Amino acid sequence: MTKELKKIKEGISFLSLGTLVSNVFLFIKAILLVRYFGAENYGLLSLVLGLPILLELIIVNTDYYLVYRLPREIIKGGTGSDDRASLIICSYIVKSLSVIFTSFILYFFSEEIATTIGYGNLISAIEIVAVVNLFKIIRGPLNIAVFNQFQKYSHSMISDFIDKLGYLLVAVISVSLNYSIEEYLILSIFAIVPVSIYNNFQLLIRRDYYLGKSFNIDLSKDLKEMITYSIPNTFRRQLDRYHGIIIRYIIGYLLNASSVGIITFVYNIYDLIWAVC
């Protein structure tokens, strides 16, 4: 077996294991929350947490462009003329602006959003989610998509593992301390911290590797290309990825919060089975 094939096999193993462990963590978290809050409150929680993801359907996701461009820049890296730094930094800028925009909409239009989805009692919870969402910015420029393009599959697996573990620990603490939904949402800020530390630490110790030694940045050129490429791809791919989120709101509108809780939990079971198979 060639060195390249071994690396591909190793990458598939890491990604498969990471996906399985992450889905196990999410499933355990779902069990804890649905047993603690009950089907109705778990459904309300699912509706609130799904709002930032729902808004992502209409926001540019630059990961698709990184998957398209980064491998070519990495290959060019041997000549020292690659644009990896520009691509990664531009992607981070777009994502940060997207997070700010999403939080702005959620916070300042929380009443209208709560009324639209048919649950006017969620206004304060939506405002909390808006603030918590801002903390995604501290995750930094590196993420799973970047790790994978550099074939750092072990880093990708660990990053995903730490991310899901953070949310599981928040659920465990919230249940142990008998927190309300609002208190659980506030505590979820700390779920973002561990993966942010890991990702930024990897960037710090491998700065030349991920950003290149020359550190060439052309924001105007790369931002334009990134947005032009990402816009027609974002909605289609995000819709395929997050169709379960949309179903939550359809069920919530047609039925009730308890039904949303049940459907969300069923999707967690489906994700776990998919990861195992």
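**Helix packing and aromatic pairs in an all-helix predicted model**

S22 lies in helix α1, which spans residues 3-56. Helices here are DSSP runs of H or I with at least four residues, strands are runs of E with at least two, and both are numbered from the N terminus. The structure is a predicted model: local features need pLDDT of at least 70, side-chain atom pairs count only at pLDDT 80 or more, and totals for chains, interfaces and linings use all residues. Residues are numbered from 1 along each chain as its sequence is written, and side-chain values use heavy atoms, with hydrogens and water left out.

S22 is buried, with a relative accessible area of 2%. Buried means under 20% relative accessible area, exposed means over 50%, and partly exposed lies in between (1.4 Å probe, protein chains only). Not counting residues up to four places away in sequence, S22 touches D160, F161 and K164. Contact here means heavy atoms within 4.5 Å.

The chain as a whole contains 13 helices and 0 strands. Read along the sequence, its pattern is α-α-α-α-α-α-α-α-α-α-α-α-α. Of its 277 residues, 45% count as buried. Contacts between residues at least 6 apart in sequence were also examined; 80% of them join residues at least 24 apart. The accessible surface of the chain comes to about 14,200 Å². Carbon and sulfur atoms account for 67% of that surface. Accessible areas come from the Shrake-Rupley method with a 1.4 Å probe; for residues, only the protein chains shown count as cover.

Helix α7 (residues 153-176) packs with helix α9 (residues 192-205). The angle is about 160°, and the axes are 7 Å apart. Axes are lines fitted to C-alpha atoms, for helices over the stretch in contact, and angles run from 0 to 180 degrees between N-to-C directions. The angle therefore makes α7 roughly antiparallel to α9. The cut-offs are under 35 degrees for roughly parallel, over 145 for roughly antiparallel and 65 to 115 for roughly perpendicular, with the rest oblique. On the α7 side, the contact is made by H155, I158, S159, I162, D163 and Y167. On the α9 side, I192, P194, V195, Y198, N199 and Q202 take part.

D163 is found in helix α7. D163 is buried, at 11% relative accessible area. Leaving aside neighbours within four places in sequence, D163 is in contact with R139, A191 and V195. A191 is found in the loop between α8 (181-187) and α9. At 0% relative accessibility, A191 counts as buried. Beyond four places in sequence, A191 touches D163, G166, Y167 and V170. The C-alpha atoms of A191 and F135 are separated by 9.9 Å, although the two residues are 56 residues apart along the chain.

G252 has its place in helix α12 (residues 243-254). G252 is buried, with a relative accessible area of 6%. Not counting residues up to four places away in sequence, G252 touches Y119 and V260. G252 and L44 are 208 residues apart along the chain, yet their C-alpha atoms are separated by 8.9 Å.

A search of the whole structure finds 11 aromatic pairs. One of them joins Y107 and F108 edge-to-face, at 5.2 Å centre to centre and 75° between the planes. Rings of Phe, Tyr and Trp (its six-membered ring) pair if their centres lie within 6.5 Å; planes under 30 degrees apart count as stacked, over 60 as edge-to-face and the rest as tilted. Y107 is partly exposed, with a relative accessible area of 38%. F108 counts as exposed, at 54% relative accessibility.

F147 and Y210 form another edge-to-face pair, with 5.9 Å centre to centre and 70° between the planes. F147 lies in helix α6 (residues 144-149) and Y210 in helix α10 (residues 207-211), so the pair ties together parts that are 63 residues apart in sequence. F147 counts as buried at 0% relative accessibility. Y210 also counts as buried, at 0% relative accessibility. F147, F150, Y209 and Y210 form one aromatic cluster. The charged end of K152 sits over the ring of Y209, 5.2 Å from its centre. A charge sits over a ring if NZ of Lys or CZ of Arg is within 6 Å of the ring centre and within 35 degrees of the ring normal.
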